[in-house]
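Guide: Welcome! Please take a moment with the sequence and the picture, and then ask me whatever you like.

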Amino acid sequence: MIEAIKEIARNRELLYMITWREIRIRYKQSVMGLLWAILMPLIITGAGIMVRIVAAKVSGNPITSADIGGIGIKALPWAFFVSALRFGTTSLTGNSNLVTKIKFPRLLFPLSSVLTSLFDMAIAFPVLVLLLPLSGVRFAATMVWIPALLVTLVMFTAGLSILFAAANLFFRDIKYIVEVILTFAIFFTPVLYDASLAGKWRWVLMLNPVAVVLDGLQATIVRMRPPDVAWLAYSAVAATLLLCGGVVFFRRLEPRFAESI
């Protein structure tokens with residue numbers, strides 16, 4: 001793991017170049033351009049609002065501005081997670097001409113996919129900041145937890161991307177499995193709804209580190225209270241272990257990349 005960190009540090013300029021290339025390719029000849037980065041979170045938010053409206057009619061509890069704010073806050077990091085994992089899984093097979101090069105730091109490809117999706121989230125973030133006051137969200141001291149929550153999400157996403165990128169090189173149906181999982185994962189992750197709706201089974205949802213992050217962001221920004229520290233610690237440990245394990249798995253398979261491309 002230490003060697004991997006040193007390799008990334010030595011090739012940070014190359015990582016920047018690959019990431020910038022990915023950004024240009026993603027938006028090249030795109031009619032909407034960077035607006036796509038804003039559209040996806042808005043679509044997720046719109047879907048969440050529709051679900052809340054239906055749930056409100058069934059339960060008789062009206063939808064509140066805080067409900068809308070919570071959906072918007074969780075939509076952005078969820079869009080980042082899905083995008084990074086989708087592009088990260090195919091990052092090696094999509095750069096086969098460079099993967100076969102000797103001495104090329106191949107670990108940069110899944111990392112560049114994560115950074116590219118981070119760029120998308122950064123583009124959409126100002127729009128979220130402008131819309132949050134409309135849903136009654138105000139600045140609170142609990143927002144100091146946001147960096148810890150986002151770092152945990154990025155580490156977990158990077159670990160999965162690295163793991164799936166290496167696996168997809170040897171088993172090409174991995175990318176289809178990932179697509180299926182991402183399609184249905186939103187129903188098993190508290191994106192469109194609150195984790196509290198699961199009642200006594202909430203802990204099952206929270207076993208997913210992404211759910212912990214999303215619930216924590218809603219708590220710190222909308223509810224203006226600290227996240228569940230125990231669950232956040234669990235999520236951070238899980239993200240760290242996954243990232244380290246993903247890198248080890250990647251490095252062990254790396255000598256066989258060229259022959260399996």
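**A group of rings**

Visitor: In which helix do Trp78 and Phe81 both lie?
Guide: Trp78 and Phe81 are three residues apart, about one turn of the helix. Helices here are DSSP runs of H or I with at least four residues, strands are runs of E with at least two, and both are numbered from the N terminus. The element holding both residues covers residues 65–89 and is helix α4.

Visitor: What kind of model is this?
Guide: Residues are numbered from 1 along each chain as its sequence is written, and side-chain values use heavy atoms, with hydrogens and water left out. Local features need pLDDT of at least 70, side-chain atom pairs count only at pLDDT 80 or more, and totals for chains, interfaces and linings use all residues; the model is predicted.

Visitor: Are Trp78 and Phe81 buried or exposed?
Guide: Let's settle the words before the answer. A residue is buried under 20% relative accessible area, exposed over 50% and partly exposed in between, using a 1.4 Å probe and protein chains only. By that scale, Trp78 and Phe81 are both buried.

Visitor: How many aromatic pairs are there by this rule?
Guide: The rule takes the rings of Phe, Tyr and Trp (its six-membered ring) and pairs them if their centres lie within 6.5 Å. With this rule, the number of aromatic pairs is three.

Visitor: What is the angle between the planes of Trp78 and Phe81?
Guide: A pair of aromatic rings is described by the distance of the centres and the angle of the planes. Planes under 30 degrees apart count as stacked, over 60 as edge-to-face and the rest as tilted. Trp78 and Phe81 are a tilted pair with 5.5 Å from centre to centre, and the angle between their planes is 35 degrees.

Visitor: Why is the pair of Phe81 and Phe156 called stacked?
Guide: The centres of the Phe81 and Phe156 rings are 6.3 Å apart. Their pair is stacked because the angle between the planes is 20 degrees.

Visitor: How many residues apart in sequence are the parts that Phe81 and Phe156 tie together?
Guide: Phe81 is in helix α4, while Phe156 is in helix α7, residues 146–170. Both of these residues are buried, and together with Trp78 they form one aromatic cluster. Because Phe81 and Phe156 sit in two helices, their pair ties together parts whose separation in sequence is 75 residues.

**The whole chain**

Visitor: What share of the contacts with a separation of 6 or more joins residues 24 or more positions apart?
Guide: Contact means heavy atoms within 4.5 Å. Of the 261 residues, 46% are buried. As for the contacts you ask about, the share is 79%.

**Some single residues**

Visitor: What is the phi of Met224 near?
Guide: Most residues other than glycine have a negative phi, and most peptide bonds are trans. Met224 sits in the loop between α10 (209–221) and α11 (229–253) and is partly exposed at 45% relative accessible area. Its phi is positive, near 55 degrees.

Visitor: Is Val222 buried or exposed?
Guide: Val222 is also placed in the loop between α10 and α11. Its C-alpha atom is 21 Å from that of Val154, which is 68 residues away along the chain. With a relative accessible area of 16%, Val222 is buried.

Visitor: Which residues is Glu254 in contact with, leaving aside its neighbours within four places in sequence?
Guide: Glu254 lies in the loop between α11 and α12 (257–260). It counts as buried, at 11% relative accessibility. Beyond those neighbours, its contacts are Phe104 and Arg106.

Visitor: And which residues is Phe87 in contact with, on the same terms?
Guide: Phe87 belongs to helix α4 and is partly exposed, with a relative accessible area of 36%. Leaving aside neighbours within four places in sequence, Phe87 is in contact with Arg26 and Ser113.
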